[in-house]
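Biologist: I am new to this structure and would like to be taken through it step by step. May we look at it together?

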Amino acid sequence: MQVGAMKIIDGLIWGGKVVSMADRRGKTADHPALAQLRAYWEGLRAEGDLPTRAQIDPRGIERALEYAFIAERIAPGVARLRLAGMHLNDLMGMEVRGMPLTAFFEPVIRDEVQRQVERAFAEPAAVELELTSNRSIGRPALNARMLLLPLRNEAGDVARVLGGLVADGAIGRAPRRFRLAGSAAATCQGAETQAALAPLPGFAEDSADFAEPDAGARRGHLRLVYSSE
């Protein structure tokens, strides 16, 4: 373990200290949606390698779809949402597809968030982020957790993540942006690092640029579709 280099295996960065995850494994289990995502992803890891994007079937994560997302790595530390559940739209008060993951965070913490996102792709590692959002007018204090689970593409590159974001309590006035209260990462043993630095053609999801939606526009969201891609 190299704390200074952020090489922390199965450890939690908390208040400047590294704490064993052994005492905090119940955190993801506290959120059934995140627990389902993690169990589904682990079940797809044949011989320890990472699952591919093509293996992800919405039927396998039906109870977690509202909180789930798939993000694509477009640059080191930068991941763009390709698909997202309604809970993420509710947190931002708008359609989030096409937005970077850092849009959910306050600007002051985004550099650190990018470092944590990059761990998911580059090590690769399963990353958990513990989040907080302070109280303000129309916005109650809010705690949340984000889970990032690396995926390979057809070329074998670690270019996407299956993720989840769950906030506890009333959202209040959107958008809600978070600070990083803690982070944990477990390197994926047996998974060779092959991180892609640029998007590749041929993905199933359509590209989407971020734009303010028209008032009353229908928000896009993940839904259960009983068909193969």
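Predicted model: local features only at pLDDT ≥ 70, side-chain atom pairs only at ≥ 80, totals over all residues.

Biologist: Which residue stands opposite S133 in β6?

Modeller: The pairing of β5 with β6 is antiparallel. In this arrangement, the residue of β6 that stands opposite S133 is L142.

Biologist: Over how many bridges do β6 and β7 pair?

Modeller: Strand β7 comprises residues 158-168, and L147 stands opposite its residue G164. β6 and β7 form a hairpin with five residues between them, and G156 in the turn has a positive phi of about 90°. The two strands pair in the antiparallel sense, and the number of bridges is 10.

Biologist: How many of the 11 residues of strand β6 are buried?

Modeller: Strand β6 covers residues 142-152 and is largely enclosed by the rest of the structure. One of its residues, R145, has a relative accessible area of 6% and is buried. R152 is buried as well, at 7%.

Biologist: With which residue does D49 meet in a salt bridge, and why does the pair tie together parts of the chain?

Modeller: The side chains of D49 and R152 meet at 3.1 Å, N to O. D49 lies in the loop between α2 (32-43) and β3 (68-75) and R152 in strand β6, so the pair ties together parts that are 103 residues apart in sequence. D49 counts as partly exposed at 30% relative accessibility. The partner of D49 is R152.

Biologist: Are R73 and E118, which form a salt bridge, buried or exposed?

Modeller: The closest N and O atoms of R73 and E118 are 2.3 Å apart. R73 lies in strand β3 and E118 in helix α4, so the pair ties together parts that are 45 residues apart in sequence. The cut-off for buried is under 20% relative accessible area. R73 is at 3% and E118 is at 18%, so R73 and E118 are buried.

Technical notes
Residues numbered from 1 in each chain as written. Heavy atoms only, no water. Buried < 20%, exposed > 50% of the residue type's maximum accessible area, 1.4 Å probe, protein only. Helix = DSSP H or I, 4+ residues; strand = E, 2+ residues; numbered from the N terminus. Pairing = 2+ DSSP bridges. Salt bridge = Lys/Arg side-chain N within 4 Å of Asp/Glu carboxyl O.
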